[in-house]
Amino acid sequence: MPSKHHLLLIHGFPLDHTLWQPNMEALARVAHVMAPDLLAFDTAEDVPAVLTMEHFAEQLKAQLDANGIQRTVLCGLSMGGYVALAFLERWPERVSGIILCNTRSIADTDEAKQGREATALDALAKGSAVIARAMVPKLLSEQTRSTDPELAKNVEAMIARQRPEAIAAASRGMALRPDRTHVLRATDTPTLIITGENDALMPLPTSEAMATAAPRSTLVVLPHAGHLSNMEAADGFNTAVVDFLRVLAEGEH
Ligand code: MLT
């Protein structure tokens, strides 16, 4: 039997590792899973004014090194996808596959950059709970919010417990990221692109464009799901990732 892949799950903004709670059991059956926290909401460490995607990628590389992990499959949702692409650009030899969920490879528009600064200022002035309330309707589809209010409550609590300084720093960091479509075009790494049919933040053409750019890609669109497709359509999401890992393992043996 082929050996298990390492799978590094990289959460989105402004969330934490509990984003992956609906996926852990299914994925741990087929891979060695790591799901670190990027924003370190539970420590007292000082937060820099800006947390760039490159900074997060370096942090993850250090964790892989510390655990003696040479190669891994990266799986990033939204901001986690930005980080995964920054990692792939810098250390392609460490990546055995890449899963990009509800994300994009292009840079922010000027208008989006202004929105990032407004979010940073709001987080610092009004606190994380205000950001949480404003974000939930954008993160979850209308259908999810009406059929699973418990999930909506959990996501709101997840955001509300992040530190405002970390939210501000990551928001400013996202604004600085470059277009990394060329990284996708140049990679020979097997690529899975997953999105939600009703993702209000990343419309379907964004994922289609990434699928076109990446030479060895598969695109999976999960019906009824919004931006947090791994939570909103967990069964479909898990199946897509497990199938991808299986094909990857078969290709290597
Ligand atoms: C995320 O879910 O990580 C963010 O919505 C990404 C973004 O704002 O671009």
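Let me start with a bit of sorting: Ala, Val, Leu, Ile, Met, Phe, Trp, Tyr, Cys and Pro count as nonpolar, Asp, Glu, Lys and Arg as charged, and the others, Gly among them, as polar.

Hi everyone. What we have here is a predicted model, where local features need pLDDT of at least 70 and side-chain atom pairs count only at pLDDT 80 or more, while totals for chains, interfaces and linings use all residues. Residues are numbered from 1 along each chain as its sequence is written, and side-chain values use heavy atoms, with hydrogens and water left out.

Today is about empty space. Rolling a probe the size of a water molecule over the atoms shows where empty space is left. The search runs on a 1 Å grid over the protein atoms alone: a cavity is a set of points where a 1.4 Å probe fits but cannot get out, and a pocket is an open set with protein on both sides within 12 Å along at least five of seven lines. Lining residues have an atom within 4 Å of a point. Points are joined across faces, edges and corners, and a volume is the space filled by probe spheres set on them.

So, how much volume does the largest pocket have? About 530 Å³. It is lined by 25 residues, and Phe13, Arg116, Thr119, Met135 and Leu201 are the closest to its centre. At least two lining residues come from each of helix H3 (79-90), helix H4 (110-126), helix H5 (128-139) and helix H8 (164-175). Helices (H or I, at least four residues) and strands (E, at least two) are DSSP runs, numbered from the N terminus. Sorted by class, this lining has 15 nonpolar, five polar and five charged residues.

Now, where does the ligand sit? In the largest pocket, and "sits" asks for more than half of its atoms to lie within 2 Å of the pocket's grid points.

Let's look at polar contacts, meaning pairs of N or O atoms within 3.5 Å. Phe13 places a backbone N or O atom 2.7 Å from a ligand oxygen. Ser78 has a polar side-chain atom 2.8 Å from an oxygen atom of the ligand. Ser78 belongs to the loop between strand E3 (72-77) and H3, and its phi is positive, near 55 degrees, in a residue other than glycine. For Arg104, a side-chain N or O atom is 3.5 Å from a ligand oxygen. On its own the ligand has 270 Å² of accessible area (Shrake-Rupley method, 1.4 Å probe), and the protein covers 92% of that.

Next, the second largest pocket, with about 260 Å³ of space. Of its 15 lining residues, Ser96, Asp188, Pro190, Arg216 and Leu248 are the closest to its centre. Helix H12 (234-251) is one of the elements that give two or more residues to this lining, and H12 gives the most, with four. The classes are five nonpolar, six polar and four charged.

Last stop: the structure holds one cavity of 30 Å³ or more.

Definitions and conventions: A polar contact is a pair of N or O atoms within 3.5 Å; within protein, one must be able to donate a hydrogen and the other to accept it, and residues adjacent in sequence count only if both atoms are side-chain atoms.
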